[in-house]
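The exercises below are to be worked with the sequence and the coordinates at hand. Each task is followed by a solution in steps.

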Amino acid sequence: MSAIDTDFCRLPIGINSASMCSEVSRLPTKSWNPHVNHRDYVGDWDVLPLRCQLEHTNAHPILQCFAMGDGSEWKNLPLMDSLPTIRSLIWSLQCDVKSARLMRLKPGAYIKPHRDRGLCLCKGEVRLHVPILANEDVLFVVNDKVVPMAVGELWYINADKTHSVKNSGDNDRVNLVIDCVVNEWIAEHIKGESMTHSI
């Protein structure tokens, strides 16, 4: 794998954003859980797991939200059955998908600058984001650069670099966040789009 990586890039994969938004709007409020890393944010930031490590299938939702332990098998949670558009997008990715979750940042909330070490193309695992609900006052920054992501777009984010998010708008920001194992398919998509945007 090449050591060359990009801070972020949009991937050319079609998404039915209206359908995704409709699915998310029907989710029960009680399904969401506050993010566990309280020192890393101000305001309200919560998570809804959709896919987790096999051994955490029946565990507390907090364990389902993140890769905790050495498990190598991953499984969709029952909630995924009510999200056919999101499930279809995940199935369309031609690489192994580890975790998938919805992450909601409430108005006025701020995710402080931090790094998720090892989560980048050149280290074998990538993080993808799909904005489902957003507003013009959401600021997503990676390595001091603003990521111009919009609703219905699929983005690779180099989470190994310092990044932060601030929602200065009046409505929730909800992103679908997917962690994948790097293979030739996803690597070529990211490298190809990075080259396109650098020209």
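**Exercise 1: Surface and overall make-up**

The accessible surface of the protein chain is about 9,700 Å², and carbon and sulfur atoms hold 50% of that. The model is a predicted one.

Task: State how many helices and strands the protein chain has, and what percentage of its residues count as buried.

Solution. 
1. The protein chain contains four helices and 13 strands.
2. With buried taken as under 20% relative accessible area, 51% of the 199 residues fall in that class.
3. Among contacts with a separation of 6 or more, 76% are between residues 24 or more positions apart.

**Exercise 2: Strand 6 and its partners**

Task: Determine how many residues of strand 6 are buried, and which strands are joined to strand 6 by bridges.

Solution. 
1. Strand 6 covers residues 97-105, and nine of the nine are buried, so the rest of the structure largely encloses this strand.
2. Strand 4 (residues 45-53) runs antiparallel to strand 6 and is joined to it by six bridges. In this pairing, Pro49 lies opposite Arg101 of strand 6.
3. Strand 13 (residues 173-181) is also antiparallel to strand 6, with seven bridges between them. Here Ala100 faces Ile178 of strand 13.

**Exercise 3: Nonpolar cores**

Task: Find how many residues the largest nonpolar core has and which of them have the most contacts inside it; then list what Ile86 touches beyond four places in sequence.

Solution. 
1. The largest nonpolar core has 37 residues, and Ile86, Leu93, Leu102, Leu128 and Leu176 have the most contacts inside it.
2. Leaving out residues up to four places away in sequence, Ile86 touches Met20, Glu23, Val24, Leu50, Met80, Leu102, Ile132 and Leu176.

Methods:
Residues are numbered from 1 along each chain as its sequence is written. This is a predicted model: local features need pLDDT of at least 70, side-chain atom pairs count only at pLDDT 80 or more; totals for chains, interfaces and linings use all residues. Side-chain values use heavy atoms; hydrogens and water are left out. A nonpolar core is a set of buried Ala, Val, Leu, Ile, Met, Phe, Trp, Tyr and Cys residues joined through side-chain atoms within 4.5 Å. Buried means under 20% relative accessible area, exposed over 50%, partly exposed in between (1.4 Å probe, protein chains only). Contact means heavy atoms within 4.5 Å. Helices (H or I, at least four residues) and strands (E, at least two) are DSSP runs, numbered from the N terminus. Accessible areas come from the Shrake-Rupley method with a 1.4 Å probe; for residues, only the protein chains shown count as cover. Two strands pair if DSSP finds at least two bridges between them.
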